[in-house]
Amino acid sequence: MDAPVVIYSFRGFDLDSDQYQLRRHGMVVPVQKKVVELLLLLAASEPGRLVPREELERSLWAGVRVGPSSLRRLVSLARRALGDDASIGTVRGIGYRLVAEPAARGGDAAGPIDGKLPFVGRERSLASLGDRLADVVSGRARCVLVRGAPGIGKTRLIEVFLESAAARAAQVMWGRCSEDVHAPSFWPWRQVFADLHDIELPVGTRSPLMKGADADEEDRFRLFASVGERLKAKSISRPLIIALDDLHRADRASLALLRFLVSETSGIRALFVCALRDFDEATRPGRDAVYDALGDASEVSSLPLVGLSRSEVGAFLRESRYETTTESLPEIEKLTAGNPFWLSALVQGRNGTASIEGSVPGLREIILRRLRKMSEDARRLIEVAAVAGRRFEPRIAARAAGIPANATLAALAQAEQALLIEPEADPASAGRFRHVLICQEIAQTLSEDERQRIHGRIADALEAVHGKRSPARAAELAYHCARSANGTRRAIDHWILAAEHDRGSLAWEDAPTHLRAALDAAERDHAEDRRLKCRLQIALGEAWMQAGDPDRAEPLLRRAAELARKLDEFELFVRAALALSPDFFGIEIGAFDHERTEMLREALATIEPSDLALRSEILCALAIALSWSDARGQMTELEQEIESLAGIGLAETPRLYADCARYALLTDPWERVRLGRSIVDHALALREYDLALIHRVQLVSDYLETGDLDAFGIEVAAFERQAIRTKRNQVLWYVHLFAAMRALNRGRLDEEANRAEDVARTGYPAGDRNALQSFGGHLVFVSTFRDEFARVQPQLNQMLESVNYLATWYAGRVWAWTMTGEPEQGRPDYERYAVRDFQNIAHDRLRRATLALLCEPALAFADRRAASLLYDELLPHAGLNFQIGFACICLGSASRYLGVAARAMGHWDTAERHFEDALRDNLRGDAVLWAAATLRDHAAMLAARAENDDAARAALLAQRGLRLLGRESVPLLQRQLAQLASHTD
């Protein structure tokens, strides 16, 4: 008769006498058979008994003579397998014993799974997580997305990995995203940081609906940075493993924090292991949000889980202690697709056998059987809890179910015994279904009318316990009200409150979700309340603007403004107009939006003259809208109105807006520097960080134009530091732009090309068309100086068709053809402006640069009249640097262009004086490229004049230009300088 099968369990290990296996949490530990035999001998001995060495040797090596080292080596291997030197006790020279007292059970004892699914078939996945942990130990943060279908074992894999990692001295933290859509912002992180008392996430503030900035990017950067520093400090002694379950349910603010910690916090030794439900259409939006937030981060990897193989299905069933046969395995595998959860449901439903004879009950049938065995109170409680969601609050569920408080714990105990909910440390305060599929199946057993009634009772219970205006529970209340009968208006109020809570919690990515739901509900069920609809449209537009999605915001805000106008709701109209008006980063260069400007003027006309704060804000928006236009009459009128405000004693913030309005209309760079510096300091003091950023960009441009390079470098560095904190691509691309501009100035064309590509990569996806225009501008200059302009001309023509008309684009094309020796190719564009004496070029901030680019074509076409017009208009700007945009492309010293125009007029001495000034200015400004171009132009002028020693001087200047370029590769200039250097006669 065969010996009975016994399984010994101790410290998370199972020792199987039938399979001769040592398993840890269901996973086989690879050891020699002799090691298992040794452990079985120790486990079978009486608790605490020391097994003599001779007895062990006799049993292990029957009839074979072995030395003492054989047993010592075997004990050493056993200790290594158990991961603990103290797991096997020893008395030197006498014997050994198992320190932990094992619990023995029969290997054939069938019974229900205890909620912890057997762990089989995931060895490779576990090893992959171990590899990522090794990377973390060396000081590199990593994130792994464990992907798979519901029930595939994502959470189980993470649990087993965390247990083994904790045994290796890693610090483990758990956070679970709510399976329900109404969890507070940063919910998983609040759980992770529950024990870290020096990390506090904001809990929301009360504010008028989406009006006025309570918090901004700087606030959130400081929050994220403080979290990163705290975790970095905590990871110094031991690496961190932070598990986030159900990441597809995470709010977008939580995903933003995860991205920050993974990719932007250097030195943190942390592994983020995240379970992500895949292959499920219901969770696609959440899954897409995860990939949008993390998809391009090099620190993030994916670990997909699939169903168990046939042999693994067999192992699973054996671990579950259910009988099966070889013949039944293929059908079981097909029925369950190797999904561990469905395997568990199947074997539980068969009362201890996994043979497939007869019908196999589905999950719903199994659940219904268990519900029928429970008391009426318990069944009602669980049905309400299932409608509430996977995680539920027992006192709320009991109140909604009409169960007495003193009967709640008994009802929960029945549900736990039926394996429907998990055991909790404090069952009175929190409940959780064992799996979301159980929760969903119970809810689906109810009729639609029953679910509606339960949602309504849950909403009533929440309001009774937490109050009717509870920001932290507002999303949850909106969820239940919306799904109850006649609860839409209540839901709208709660969605509005939830959006305010998101804003105060620095989770503004999530506010549009709640406001979109509120607006949809209002349009569906309260279409007659047009004021409510208008108010929600404006709030949603503002939320989308703040979340960085102007393409969605603008059409909605335009409709809201039109509706407010029809309703004579002037306050709402003003809000819509201000929300629609772009800040500096939202204006497309060359695009004057007449409709927006008129809306702002209309808004200005509707407010009281005494409302100075609102007037200054509207004037600022108007000035920004007009700053790139050619509407001189409107700008003069606006200047007068702004000046009238200057004499009034304004409060701090209105005065700041009034100064911003004045600054937007200034053209003199020295005046702009003085006022811009004051605005940046004032904005930082008032925590108006966006205004500070806007004016830092413009100060960079002003300092470049005036040639104050020390201040320019300081401001660029300050802008980069602040821009990186914002995490907004509409801002960040300027960092790359400034780098591209400086690389071009120094003649480093390869670096410039790479930086220009970064401009397009970061700016254009953010919806900033200025980034595309800037990239195109750099392409013109790089291709020209590489002597490759003809090759990229088709690409540039295609770009021209997709952007607003800008004279600078066409002037740049004429300049490029002229520089590359084919001026006739650019003649049509040149004559478009020259025949009208350049008056058809807008009188905006691009005009000077546009005229400068036309000086060399005027020389090539021997157009003395045009050269004279260009010279006269550019002469007042001698001593400045010309630039395109806001430090997009620096054209170097204005004096070089004056020298070219003077030469075209035949004023040789004047030209030479300008070239000498330009060389000095460009060298002082580290503009190597433009200094070399100046030497080329000066040498070409001398060669053309050909008086006295002009030829020799020209050769010397050209040789100096070649030396100046040194090892930089600028083929066009180097070819032209080499030709001039060769003419020494």
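Which residues in α24 meet which residues in α25? Select both helices to see: Phe570, Phe573, Val574, Ala577, Leu578 and Leu580 of α24 meet Arg596, Met599, Leu600, Glu602, Ala603 and Thr606 of α25. Contact here means heavy atoms within 4.5 Å.

Before going on, note that this is a predicted model, in which local features need pLDDT of at least 70 and side-chain atom pairs count only at pLDDT 80 or more, while totals for chains, interfaces and linings use all residues. Residues are numbered from 1 along each chain as its sequence is written, and side-chain values use heavy atoms, with hydrogens and water left out.

**Stop 1: the whole chain**

Of the 985 residues, 56% count as buried. Buried means under 20% relative accessible area, exposed over 50%, and partly exposed in between, with a 1.4 Å probe and protein chains only. Among contacts in the chain with a separation of 6 or more, 68% are between residues 24 or more positions apart.

**Stop 2: α24 and α25**

Return to residues 570-580 (α24) and 594-606 (α25), whose axes come within 9 Å and cross at roughly 145°. Axes are lines fitted to C-alpha atoms, for helices over the stretch in contact, and angles run from 0 to 180 degrees between N-to-C directions. The crossing of α24 past α25 is left-handed, a term used if the near helix is turned anticlockwise from the far one by less than a right angle (right-handed if clockwise). The contact of α24 with α25 has nine nonpolar, one polar and two charged residues. In this division Ala, Val, Leu, Ile, Met, Phe, Trp, Tyr, Cys and Pro count as nonpolar, Asp, Glu, Lys and Arg as charged, and the others, Gly among them, as polar.

**Stop 3: Arg687**

Next select Arg687, in the loop between α29 (669-685) and α30 (689-706). Its phi is near 60°, a positive value in a residue other than glycine. Most residues other than glycine have a negative phi. Arg687 is partly exposed, at a relative accessible area of 41%.

**Stop 4**

Move to helix α42 (residues 908-924), where Glu916 is found. Glu916 is partly exposed, with 43% relative accessible area. Draw a distance from Glu916 to His938: the two are 22 residues apart along the chain, and their C-alpha atoms are separated by 8.2 Å.

Then pick Asp926, in the loop between α42 and α43 (928-945). Asp926 also has a positive phi, near 60°, and is partly exposed at 36% relative accessibility.

**Stop 5: Ala932**

Apart from neighbours within four places in sequence, Ala932 is in contact with Gly961, Leu964, Leu965, Leu973 and Leu977.

**Stop 6: α44 and α45**

Finish with α44 (residues 950-965) and α45 (residues 971-982), whose axes come within 7 Å and cross at roughly 150°. The two helices are therefore roughly antiparallel (angles over 145 degrees; under 35 is roughly parallel, 65 to 115 roughly perpendicular, the rest oblique). Residues making the contact include Ala958, Gly961 and Leu965 of α44 and Leu973, Leu977 and Ala981 of α45. By class, nine residues of this contact are nonpolar, three polar and none charged.

Note on methods: Helix = DSSP H or I, 4+ residues; strand = E, 2+ residues; numbered from the N terminus.
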